[in-house]
There are 2 protein chains.
Amino acid sequence: MIEDIVKKTLLFDFYGQLLTDKQRDIMEMYYTDDLSLSEISEQIGISRQGVYDTLKRAEATLIEYESRLGLVDKFLQHKSILSEIKSMLDEILNVDGIDVNEIKEMIKSIKNYIEKLE
Amino acid sequence: MIEDIVKKTLLFDFYGQLLTDKQRDIMEMYYTDDLSLSEISEQIGISRQGVYDTLKRAEATLIEYESRLGLVDKFLQHKSILSEIKSMLDEILNVDGIDVNEIKEMIKSIKNYIEKLE
(Lines give C-alpha, C1' and ligand atoms only; values in the text may rest on other atoms or scores of the structure.)
Protein backbone atom coordinates (compact mmCIF):
# COMPACT_ATOMS: atom_id res chain seq x y z
CA MET A 1 0.00 0.00 0.00
CA ILE A 2 2.67 2.50 1.07
CA GLU A 3 4.86 1.21 -1.74
CA ASP A 4 2.00 1.85 -4.13
CA ILE A 5 1.66 5.45 -2.98
CA VAL A 6 5.44 5.99 -3.19
CA LYS A 7 5.36 4.65 -6.75
CA LYS A 8 2.47 6.94 -7.69
CA THR A 9 4.22 9.91 -6.12
CA LEU A 10 7.37 9.17 -8.10
CA LEU A 11 5.38 8.82 -11.32
CA PHE A 12 3.77 12.16 -10.55
CA ASP A 13 7.14 13.77 -9.75
CA PHE A 14 8.64 12.59 -13.02
CA TYR A 15 5.75 13.02 -15.43
CA GLY A 16 3.35 15.40 -13.68
CA GLN A 17 4.39 18.20 -16.02
CA LEU A 18 2.96 16.21 -18.91
CA LEU A 19 -0.56 16.08 -17.44
CA THR A 20 -3.24 18.72 -17.99
CA ASP A 21 -3.60 21.38 -15.29
CA LYS A 22 -6.88 19.80 -14.17
CA GLN A 23 -5.36 16.32 -13.88
CA ARG A 24 -2.39 17.70 -11.97
CA ASP A 25 -4.56 19.70 -9.58
CA ILE A 26 -6.77 16.73 -8.78
CA MET A 27 -3.81 14.39 -8.28
CA GLU A 28 -2.21 16.89 -5.90
CA MET A 29 -5.39 17.31 -3.91
CA TYR A 30 -5.81 13.56 -3.62
CA TYR A 31 -2.23 12.41 -3.01
CA THR A 32 -0.48 15.45 -1.53
CA ASP A 33 -3.27 17.21 0.34
CA ASP A 34 -4.94 13.90 1.17
CA LEU A 35 -8.47 15.12 0.35
CA SER A 36 -11.26 12.59 -0.32
CA LEU A 37 -12.98 12.30 -3.70
CA SER A 38 -16.05 14.06 -2.24
CA GLU A 39 -14.00 16.90 -0.81
CA ILE A 40 -12.27 17.44 -4.16
CA SER A 41 -15.63 17.24 -5.91
CA GLU A 42 -17.03 20.01 -3.68
CA GLN A 43 -13.92 22.12 -3.97
CA ILE A 44 -13.70 22.22 -7.75
CA GLY A 45 -17.38 21.77 -8.57
CA ILE A 46 -17.38 18.57 -10.63
CA SER A 47 -19.08 15.30 -9.69
CA ARG A 48 -17.41 12.75 -7.44
CA GLN A 49 -17.44 10.36 -10.40
CA GLY A 50 -15.77 13.03 -12.54
CA VAL A 51 -13.00 13.41 -9.99
CA TYR A 52 -12.55 9.64 -9.86
CA ASP A 53 -12.42 9.34 -13.67
CA THR A 54 -9.92 12.19 -13.99
CA LEU A 55 -7.73 10.60 -11.34
CA LYS A 56 -7.80 7.20 -13.03
CA ARG A 57 -7.12 8.70 -16.46
CA ALA A 58 -4.21 10.74 -15.07
CA GLU A 59 -2.72 7.65 -13.41
CA ALA A 60 -3.05 5.68 -16.63
CA THR A 61 -1.27 8.48 -18.49
CA LEU A 62 1.61 8.48 -15.99
CA ILE A 63 1.94 4.70 -16.28
CA GLU A 64 1.96 4.98 -20.07
CA TYR A 65 4.78 7.54 -19.94
CA GLU A 66 6.74 5.29 -17.58
CA SER A 67 6.32 2.35 -19.92
CA ARG A 68 7.83 4.45 -22.72
CA LEU A 69 10.57 6.32 -20.85
CA GLY A 70 11.20 4.23 -17.72
CA LEU A 71 12.47 7.23 -15.72
CA VAL A 72 11.18 6.05 -12.35
CA ASP A 73 12.77 2.68 -12.86
CA LYS A 74 16.10 4.28 -13.84
CA PHE A 75 15.84 6.66 -10.89
CA LEU A 76 15.38 3.78 -8.44
CA GLN A 77 18.36 1.92 -9.93
CA HIS A 78 20.52 5.06 -9.68
CA LYS A 79 19.37 5.63 -6.14
CA SER A 80 20.49 2.20 -5.09
CA ILE A 81 23.88 2.59 -6.85
CA LEU A 82 24.40 5.99 -5.22
CA SER A 83 23.64 4.54 -1.83
CA GLU A 84 26.22 1.76 -2.42
CA ILE A 85 28.81 4.36 -3.38
CA LYS A 86 28.02 6.49 -0.34
CA SER A 87 28.43 3.62 2.06
CA MET A 88 31.80 2.73 0.52
CA LEU A 89 32.92 6.35 0.84
CA ASP A 90 31.78 6.38 4.46
CA GLU A 91 33.69 3.20 5.11
CA ILE A 92 36.87 4.83 3.85
CA LEU A 93 36.20 7.89 6.01
CA ASN A 94 35.25 6.06 9.17
CA VAL A 95 37.30 2.88 9.41
CA ASP A 96 40.37 3.41 11.58
CA GLY A 97 43.73 2.19 10.41
CA ILE A 98 42.61 1.63 6.80
CA ASP A 99 45.71 1.70 4.56
CA VAL A 100 46.26 3.28 1.15
CA ASN A 101 46.22 -0.03 -0.71
CA GLU A 102 42.90 -1.06 0.80
CA ILE A 103 41.51 2.34 -0.06
CA LYS A 104 42.71 2.03 -3.66
CA GLU A 105 40.91 -1.28 -4.04
CA MET A 106 37.71 0.33 -2.79
CA ILE A 107 38.21 3.30 -5.11
CA LYS A 108 38.37 0.88 -8.04
CA SER A 109 35.01 -0.61 -7.04
CA ILE A 110 33.55 2.86 -6.69
CA LYS A 111 34.76 3.68 -10.21
CA ASN A 112 32.89 0.64 -11.50
CA TYR A 113 29.72 1.82 -9.79
CA ILE A 114 30.19 5.33 -11.20
CA GLU A 115 30.42 3.86 -14.69
CA LYS A 116 27.02 2.23 -14.18
CA LEU A 117 25.59 5.71 -13.69
CA GLU A 118 26.81 6.99 -17.05
CA MET B 1 26.50 23.08 -35.82
CA ILE B 2 27.91 19.88 -34.35
CA GLU B 3 26.62 21.00 -30.97
CA ASP B 4 23.19 21.46 -32.52
CA ILE B 5 23.20 17.91 -33.89
CA VAL B 6 24.39 16.51 -30.55
CA LYS B 7 21.55 18.35 -28.80
CA LYS B 8 19.00 17.01 -31.29
CA THR B 9 20.38 13.50 -30.90
CA LEU B 10 20.09 13.74 -27.13
CA LEU B 11 16.54 15.05 -27.39
CA PHE B 12 15.74 12.12 -29.65
CA ASP B 13 17.44 9.64 -27.30
CA PHE B 14 15.44 10.90 -24.34
CA TYR B 15 12.04 11.56 -25.86
CA GLY B 16 12.03 9.62 -29.14
CA GLN B 17 9.72 7.03 -27.59
CA LEU B 18 7.07 9.72 -27.26
CA LEU B 19 6.97 10.47 -30.99
CA THR B 20 4.76 8.69 -33.52
CA ASP B 21 6.35 5.82 -35.47
CA LYS B 22 6.39 7.96 -38.60
CA GLN B 23 8.10 10.88 -36.87
CA ARG B 24 10.65 8.55 -35.31
CA ASP B 25 11.41 6.81 -38.62
CA ILE B 26 11.93 10.07 -40.46
CA MET B 27 14.14 11.51 -37.72
CA GLU B 28 16.25 8.37 -37.75
CA MET B 29 16.64 8.43 -41.52
CA TYR B 30 17.62 12.09 -41.43
CA TYR B 31 19.89 12.21 -38.38
CA THR B 32 21.17 8.66 -37.98
CA ASP B 33 21.27 7.38 -41.55
CA ASP B 34 22.11 10.85 -42.86
CA LEU B 35 19.66 10.66 -45.80
CA SER B 36 18.57 13.86 -47.56
CA LEU B 37 14.96 15.07 -47.50
CA SER B 38 14.57 13.93 -51.12
CA GLU B 39 15.97 10.48 -50.41
CA ILE B 40 13.60 10.05 -47.46
CA SER B 41 10.74 11.33 -49.62
CA GLU B 42 11.48 8.68 -52.29
CA GLN B 43 11.97 5.94 -49.75
CA ILE B 44 8.70 6.36 -47.88
CA GLY B 45 6.59 7.84 -50.68
CA ILE B 46 5.54 11.18 -49.24
CA SER B 47 6.48 14.61 -50.66
CA ARG B 48 9.77 16.28 -49.79
CA GLN B 49 7.72 19.05 -48.12
CA GLY B 50 5.85 16.41 -46.14
CA VAL B 51 9.14 14.97 -44.89
CA TYR B 52 10.35 18.45 -43.97
CA ASP B 53 7.13 19.27 -42.09
CA THR B 54 7.17 15.98 -40.19
CA LEU B 55 10.77 16.57 -39.19
CA LYS B 56 10.10 20.10 -37.97
CA ARG B 57 6.99 19.01 -36.07
CA ALA B 58 8.88 16.14 -34.45
CA GLU B 59 11.69 18.46 -33.39
CA ALA B 60 9.21 20.94 -31.94
CA THR B 61 7.60 18.09 -29.98
CA LEU B 62 10.97 17.01 -28.56
CA ILE B 63 11.77 20.59 -27.56
CA GLU B 64 8.37 20.91 -25.89
CA TYR B 65 9.00 17.73 -23.85
CA GLU B 66 12.42 19.04 -22.84
CA SER B 67 10.90 22.33 -21.71
CA ARG B 68 8.54 20.35 -19.46
CA LEU B 69 10.84 17.62 -18.17
CA GLY B 70 14.37 18.99 -18.69
CA LEU B 71 15.91 15.52 -18.92
CA VAL B 72 18.65 16.44 -21.40
CA ASP B 73 19.66 19.36 -19.26
CA LYS B 74 19.75 17.18 -16.13
CA PHE B 75 21.68 14.51 -18.04
CA LEU B 76 24.35 17.00 -19.10
CA GLN B 77 24.70 18.30 -15.54
CA HIS B 78 25.04 14.74 -14.21
CA LYS B 79 27.56 13.93 -16.89
CA SER B 80 29.76 16.79 -15.85
CA ILE B 81 29.48 15.88 -12.14
CA LEU B 82 30.32 12.24 -12.92
CA SER B 83 33.34 13.31 -14.88
CA GLU B 84 34.54 15.44 -11.93
CA ILE B 85 34.10 12.47 -9.61
CA LYS B 86 35.97 10.16 -11.96
CA SER B 87 38.94 12.45 -12.25
CA MET B 88 39.14 12.72 -8.46
CA LEU B 89 38.99 8.94 -8.14
CA ASP B 90 41.73 8.64 -10.77
CA GLU B 91 43.85 11.12 -8.89
CA ILE B 92 43.63 8.98 -5.76
CA LEU B 93 44.53 5.90 -7.79
CA ASN B 94 47.37 7.39 -9.76
CA VAL B 95 49.17 9.92 -7.59
CA ASP B 96 52.20 8.34 -5.92
CA GLY B 97 52.83 8.91 -2.25
CA ILE B 98 49.32 10.23 -1.52
CA ASP B 99 48.57 9.76 2.19
CA VAL B 100 45.42 8.61 3.95
CA ASN B 101 44.54 12.08 5.24
CA GLU B 102 44.78 13.64 1.81
CA ILE B 103 42.63 10.85 0.45
CA LYS B 104 40.02 11.39 3.15
CA GLU B 105 39.77 15.07 2.25
CA MET B 106 39.18 14.11 -1.38
CA ILE B 107 36.62 11.50 -0.37
CA LYS B 108 34.68 14.23 1.44
CA SER B 109 34.57 16.31 -1.75
CA ILE B 110 33.46 13.27 -3.71
CA LYS B 111 30.64 12.74 -1.20
CA ASN B 112 29.48 16.30 -1.83
CA TYR B 113 29.43 15.65 -5.55
CA ILE B 114 27.53 12.40 -5.05
CA GLU B 115 24.89 14.28 -3.08
CA LYS B 116 24.34 16.58 -6.06
CA LEU B 117 23.37 13.51 -8.06
CA GLU B 118 20.60 12.50 -5.67
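Tutor: Over all chains, the structure, which is a predicted model, holds 18 salt bridges. One of them joins E115(B) to K86(A), with the closest N and O atoms 3.8 Å apart. This pair crosses between chains: E115(B) belongs to helix α6 (residues 100-116) of chain B, and K86(A) to helix α5 (residues 71-94) of chain A.

The relation between the chains is simple to state. Chain B is superposed on chain A by a rotation of 180° with 0.0 Å of shift along the axis, at an RMSD of 0.0 Å. The two copies are thus related as by a two-fold rotation axis. In chain B, the C-alpha nearest this axis belongs to V100(B) and lies 3.1 Å from it. Of the interface residues of chain B, 100% are also interface residues in chain A, so the copies meet through the same surface.

Within chain A, the domain assignment gives domain 1 (2-69) and domain 2 (74-116). Their C-alpha centres lie 38 Å apart.

Now to the helix packing. Helix α4 of chain A spans residues 48-69, and helix α2 of chain A spans residues 21-32. The two pack at an angle of about 100°, with their axes 9 Å apart. Angles of 65 to 115 degrees count as roughly perpendicular, and α2(A) and α4(A) are therefore roughly perpendicular to each other. On the α2(A) side, the contact is made by K22(A), Q23(A), I26(A), M27(A), Y30(A) and Y31(A). Facing them in α4(A) are V51(A), T54(A), L55(A), R57(A), A58(A), E59(A), T61(A) and L62(A). By class, this contact of α2(A) with α4(A) has eight nonpolar, three polar and three charged residues.

Helix α3 of chain A (residues 37-44) also packs on α4(A), at an angle of about 105° and with the axes 8 Å apart. That makes α3(A) roughly perpendicular to α4(A). Here L37(A), S38(A), I40(A) and S41(A) of α3(A) meet R48(A), V51(A), Y52(A) and L55(A) of α4(A). The contact of α3(A) with α4(A) has five nonpolar, two polar and one charged residues.

Taken together, V51(A) and L55(A) of α4(A) take part in the contact with α2(A) and also in the contact with α3(A).

Terms used
Residues numbered from 1 in each chain as written. Chains lettered and ligands numbered in written order. Predicted model: local features only at pLDDT ≥ 70, side-chain atom pairs only at ≥ 80, totals over all residues. Heavy atoms only, no water. Domains from an automatic or database assignment. Axes fitted to C-alpha atoms, helices over the stretch in contact; angles between N-to-C directions. Helix = DSSP H or I, 4+ residues; strand = E, 2+ residues; numbered from the N terminus. Parallel < 35°, antiparallel > 145°, perpendicular 65-115°, else oblique. Contact = heavy atoms within 4.5 Å. Nonpolar A, V, L, I, M, F, W, Y, C, P; charged D, E, K, R; others polar. Least-squares fit on C-alpha atoms with pLDDT ≥ 70 in both. Salt bridge = Lys/Arg side-chain N within 4 Å of Asp/Glu carboxyl O.
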